[in-house]
Amino acid sequence: MSRIIIAFSHNASREKIGQLVEQCGYALRASCRCGADAIRAVNQMGGGIVICGYKLADMTADELMENLGSAVQTMVVASPIHLDMVENAAAVRVASPISRMQFKQALEQLLELEIAQVRARGSQRSPEELALINHAKAILISRGMTEAQAHSTLQQRSMRNRCKLTETAQQVIAAYEINPH
């Protein structure tokens with residue numbers, strides 16, 4: 001599941017960008033007017049993607065990114081003049097007016113970066129999560145896969161469904177319990 005938050009001070013901008021997110025096939029998790037609300041939403045979700053304008057009601061995009069740190073991927077949508085003022089090198093900059101194709105490409109780039117970031121944290125799995133993943137792999141191995149194929153299958157399903165590897169493992173285990181053959 002994608003963790004997409006939009007933050008724009010103007011209602012019309014929030015609505016337009018929210019519609020673009022949904023037209024690209026993704027779910028919007030939060031729509032914020034100010035940076036403080038966006039920070040709160042990111043903290044509740046433990047990370048995500050923030051799409052914002054250059055200036056929010058209480059801070060600039062740079063200030064927002066500074067407050068969020070590396071927990072999020074950020075896209076700034078603004079006029080070319082305002083984009084030139086964004087100093088944070090990690091921000092994906094998209095000039096407005098924006099086409100759906102440009103927006104979708106930038107959003108997919110951010111989603112890939114977020115997936116890579118989540119994978120990098122994958123080595124921090126708890127023993128319970130590792131046991132769950134290993135149990136799902138064992139089920140797939142019992143159905144004729146090698147260990148590498150089972151692991152790859154779990155990863156591919158997780159990416160395709162945009163969910164955590166442990167969630168995919170739970171789905172495999174649940175499916176096996178329903179139909180063990």
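First, a term I need: a nonpolar core is a set of buried Ala, Val, Leu, Ile, Met, Phe, Trp, Tyr and Cys residues joined through side-chain atoms within 4.5 Å. Buried means under 20% relative accessible area, exposed means over 50%, and partly exposed is in between (1.4 Å probe, protein chains only).

Ground rules next. I'm working with a predicted model, where local features need pLDDT of at least 70, side-chain atom pairs count only at pLDDT 80 or more, and totals for chains, interfaces and linings use all residues. Residues are numbered from 1 along each chain as its sequence is written, and side-chain values use heavy atoms, with hydrogens and water left out.

**Cores.** I looked up the largest nonpolar core and found 24 residues; Ile5, Val50, Cys52, Leu64, Leu68 and Val76 have the most contacts inside it. Helix H2 (35-45) is among the elements that give two or more residues to this core, and H2 gives the most, with 5 residues. (Helices are DSSP runs of H or I with at least four residues, strands are runs of E with at least two, and both are numbered from the N terminus.) Apart from this core lies another, of 20 residues, including Ile17 and Leu111.

I then checked Cys52. Leaving aside neighbours within four places in sequence, its contacts (heavy atoms within 4.5 Å) include Phe8, Leu64 and Val76.

**Sheet.** I traced 5 strands in an open sheet, in the order E2-E1-E3-E4-E5, with parallel pairing. Two strands pair if DSSP finds at least two bridges between them. Strand E2 (28-32) and strand E5 (92-95) are at the edges with a single partner strand each, so one side of each has no neighbour in the sheet. E1 (residues 4-7) and E3 (residues 48-52) pair over 4 bridges, and Ile5 stands opposite Val50 in E3.

**Salt bridges.** How many salt bridges are there? I count 3, using a side-chain nitrogen of Lys or Arg within 4 Å of a carboxyl oxygen of Asp or Glu as the rule.

- Arg3 and Glu114 meet at 2.8 Å, N to O. The pair links distant parts of the chain, 111 residues apart. Arg3 is buried at 16%, and Glu114 is buried at 7%.
- Arg40 and Asp37 meet at 2.5 Å, N to O. They are 3 residues apart in helix H2, so about one helical turn separates them.
- Lys137 and Glu147 meet at 2.7 Å, N to O. Lys137 lies in helix H6 and Glu147 in helix H7, so the pair ties together parts 10 residues apart in sequence.
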